[in-house]
Amino acid sequence: MQSLINQLLPGAVRTVKVIGFDGADVLVELVDADGGMEIGLIPSQEASMRRTEHPSELFEVGQEINAEEIGRWCEGQLHLSARACEIPALRSFLLACEPGQVVAGTVSKVHNFGVFVHVDGEPDGLRTGFIRVPDLTWGCISHPSEAVEAGQRITAEVIIADTRSGQVTLSLKALQEDPLIRFADQVGRVLTGPITKIVPFGVFVQLAPDVVGFLHLSELAADEPVETPDQLVDEGELITVKVIEVDLQHHRVRLGVAGGADRT
């Protein structure tokens, strides 16, 4: 995640002159600090946030525009993003949203892939916030509507503000206590809970509110060979297990059979 965030951090803004088009890409000329000339490229998907048939609908040869540096590809050629500088008010807002900052907003739409949010202070007519499903809650949910609803006021932490997409990725979960922190002292305990999900290589067991552990098939079927867990257990069935490990870094709980030998 951190490497992805580093890739999305805003680059330097350059003033460039459009000199032509290479298919749907835009060729631009830059002047470096020493006065030398360099040819850069704005890929078609970085030309604008608006949908167009061809970037010639947006730019004319000889026109000067601002574009954000993305990186160097194709034997060192500099690639840039014009869309990252297309709306100055939006760029200024995004640059002010720093990772770790706490912001408020209103849920706009709830989809199965995530939640859109109107962040307080964003430019009028835009919707900049987005929360991925894994960043909604520590608990297991089948749909984001179980965590939030349209029109709801929320407070969230900024993960990254991306000038190229015009979006602020947010996390509700970051402001909630990790339930595993309080559960960490349960290592070695024998607990009983319902099976919440069966997968080909094991089962997930509800151990406490927002805490689910994983029991591998090799533990479940220690005494008899089976191909899948559903040959032995059903979803919703109560099962007694032993807490073998609570991994806070990877946020997972490893389980073993109650009364069985610990396996590494």
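The paragraphs below lead from the overall form of the chain to a handful of its residues. This is a predicted model, in which local features need pLDDT of at least 70 and side-chain atom pairs count only at pLDDT 80 or more, while totals for chains, interfaces and linings use all residues. Residues are numbered from 1 along each chain as its sequence is written, and side-chain values use heavy atoms, with hydrogens and water left out.

The chain is built from four helices and 15 strands, where helices (H or I, at least four residues) and strands (E, at least two) are DSSP runs numbered from the N terminus. Along the principal axes, its C-alpha atoms fill a box of roughly 75 × 45 × 35 Å. The radius of gyration of the chain is 25 Å, whereas a compact globule of 264 residues would have a value near 18 Å; this radius is taken over C-alpha atoms, and the globule rule is 2.2 Å times the number of residues to the power 0.38.

Of the 264 residues, 39% count as buried, a term that means under 20% relative accessible area, with exposed meaning over 50% and partly exposed lying in between (1.4 Å probe, protein chains only). The accessible surface comes to about 14,500 Å², and carbon and sulfur atoms hold 49% of that area; such areas come from the Shrake-Rupley method with a 1.4 Å probe, and for residues only the protein chains shown count as cover.

Strand β2, residues 25–31, contains V28, which is buried with a relative accessible area of 0%. V28 and A150 stand 122 residues apart in sequence, and their C-alpha atoms are 43 Å apart in space.

Residue M37 belongs to strand β3, residues 37–42, and is exposed, with a relative accessible area of 51%. Once residues up to four places away in sequence are set aside, M37 touches E29, L30 and V31.

Strand β4, residues 64–73, holds E68, a residue that is buried at a relative accessible area of 2%. The side chains of E68 and T163 are joined by a polar contact of 2.7 Å, that is, a pair of N or O atoms within 3.5 Å, of which, within protein, one must be able to donate a hydrogen and the other to accept it, residues adjacent in sequence counting only if both atoms are side-chain atoms. Leaving aside neighbours within four places in sequence, the contacts of E68 also include P10, H79, C85, R91 and R164.

D210, in the loop between β12 (202–208) and β13 (211–216), has a positive phi of about 65 degrees although it is not a glycine. H251, in the loop between β14 (238–247) and β15 (252–257), likewise has a positive phi, near 50 degrees. Most residues other than glycine have a negative phi. Both count as partly exposed, D210 at 43% relative accessibility and H251 at 28%.

Terms used: Contact = heavy atoms within 4.5 Å.
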